[in-house]
Amino acid sequence: MRRGPPARAEAEIRPAALEDLPALVAIENAAFATDRLDRRALRHAINSPTILARVAAAPDGAVVGYVLVQIRRGSDLGWLTSVAVMPGSHGGGLGRRLVEAAEAAAGEAGRTRIRLEVRADNAAARRLYESAGYDRIAVVPDYYEDGGAAWRYEKTLGARAAAR
Ligand SMILES: CC(C)(COP(=O)(O)OP(=O)(O)OC[C@H]1O[C@@H](n2cnc3c(N)ncnc32)[C@H](O)[C@@H]1OP(=O)(O)O)[C@@H](O)C(=O)NCCC(=O)NCCS
């Protein structure tokens, strides 16, 4: 079954705080088999002014998902470098909401496009991005630690997202 109970959809999306670090480490370890961000990288992501980090917090306060967007000075591109949801909360719309939150954050920061790389064999994530309006713009061979290929996607943010 893919649909979660309605309560999951009521999760709050908010900026990540340092107190969220243990939850982010747990999500990362549960969600990815390779190419994991370690605690130090996740702490950096939370603290960095050029990485926009958002978390999904369930009504009971538990942080069950996160997304990161990297922005660079002088570039209109934001890079969605990671999105993950705890396996027990999959299928409830949080992945989509986190991607939308990443787009809104990038738009607020003045970025007009978002790019990302996803494993070619990650059907769930590819479907999420494609249904959210991302176009495949390149294949990047040997991108991941295990030699797996990535597909690069890009989306131009709409006027609404950019103005939010
Ligand atoms: C990818 C991921 C973030 C999706 O999170 P989620 O909360 O389960 O996704 P949602 O419930 O918001 O689903 C959004 C869309 O994604 C797609 N999708 C999600 N899970 C899917 C699955 N198992 N099979 C096919 N499509 C799937 C669908 O298009 C879905 O839309 P729909 O429900 O209207 O069909 C989650 O599977 C995850 O954390 N995976 C491990 C980490 C990862 O691979 N991250 C992406 C790295 S680039």
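1. Let's start at glutamate 12, which sits in strand S1. Strands here are DSSP runs of E with at least two residues, helices are runs of H or I with at least four, and both are numbered from the N terminus. Keep in mind that this is a predicted model, where local features need pLDDT of at least 70, side-chain atom pairs count only at pLDDT 80 or more, and totals for chains, interfaces and linings use all residues. Residue numbers run from 1 along each chain as its sequence is written.

2. Is glutamate 12 buried or exposed? Glutamate 12 counts as exposed because it has 12 C-beta neighbours inside 10 Å. The cut-offs go like this: 20 or more other C-beta atoms within 10 Å of a residue's own makes it buried, 12 or fewer makes it exposed, and anything in between is partly exposed, with C-beta atoms placed from the backbone. Now look across to valine 55: its C-alpha atom is 8.0 Å from that of glutamate 12, though the two are 43 residues apart along the chain.

3. Next, the sheet. Its 7 strands follow the order S1-S2-S3-S4-S5-S7-S6, making an open sheet with mixed pairing. Two strands pair if DSSP finds at least two bridges between them. At the edges are S1 (12–15) and S6 (135–140), each pairing on one side only. From one strand to the next, the twist averages 25°.

4. Have a look at S3 and S4, a hairpin with 5 residues between the strands. Glycine 74, in the turn, has a positive phi of about 80°. The two strands run antiparallel and are joined by 7 bridges.

5. On to S4 and S5, where the pairing is parallel, over 3 bridges. Leucine 77 has arginine 113 of S5 as its bridge partner. S4 is largely enclosed by the rest of the structure, because 7 of its 9 residues are buried.

6. The covered face of S5 has Ile114, Leu116 and Val118, while Arg113, Arg115, Glu117 and Arg119 make up the uncovered one. Helix H5 lies across S5 and S7, and runs at about 160° to S5. For that angle, axes are lines fitted to C-alpha atoms (for helices, over the stretch in contact), and values run from 0 to 180 degrees between N-to-C directions.

7. Which residues touch the most other members of the largest nonpolar core? Out of 38 residues, they are Tyr66, Val67, Val69, Leu80, Leu98 and Ala102. A nonpolar core here is a set of buried Ala, Val, Leu, Ile, Met, Phe, Trp, Tyr and Cys residues joined through C-beta atoms within 7 Å. H2 (21–31), H3 (39–47), S2 (51–57), S3 (63–71), S4, H4, S5 (113–119) and S7 (150–156) each bring at least two residues to this core. H4 has the largest share, 7 residues.

8. Setting aside neighbours within four places in sequence, leucine 80 is in contact (C-beta atoms, placed from the backbone, within 7 Å) with Val67, Val69, Ala102, Ile114 and Leu116.

9. Now the ligand, with 20 residues around it; His90, Gly95, Arg96, Ala124 and Leu128 come nearest. A residue counts as near if its C-beta atom, placed from the backbone, lies within 6 Å of the molecule. S4 (77–85), H4 (94–108) and H5 (123–131) are the elements giving two or more residues to this shell. H5 gives the most, 6 residues. By class, the shell has 11 nonpolar, 7 polar and 2 charged residues. Nonpolar means Ala, Val, Leu, Ile, Met, Phe, Trp, Tyr, Cys and Pro; charged means Asp, Glu, Lys and Arg; the others, Gly among them, are polar.

10. Last, two aspartates to check. Aspartate 35, in the loop between H2 and H3, has a positive phi of about 55° although it is not a glycine. Aspartate 35 counts as partly exposed because it has 13 C-beta neighbours inside 10 Å. Aspartate 142, in the loop between S6 and S7, has a positive phi near 55°. With 10 other C-beta atoms within 10 Å, aspartate 142 is exposed.

How values were computed. Two residues are in contact if their C-beta atoms, placed from the backbone, lie within 7 Å.
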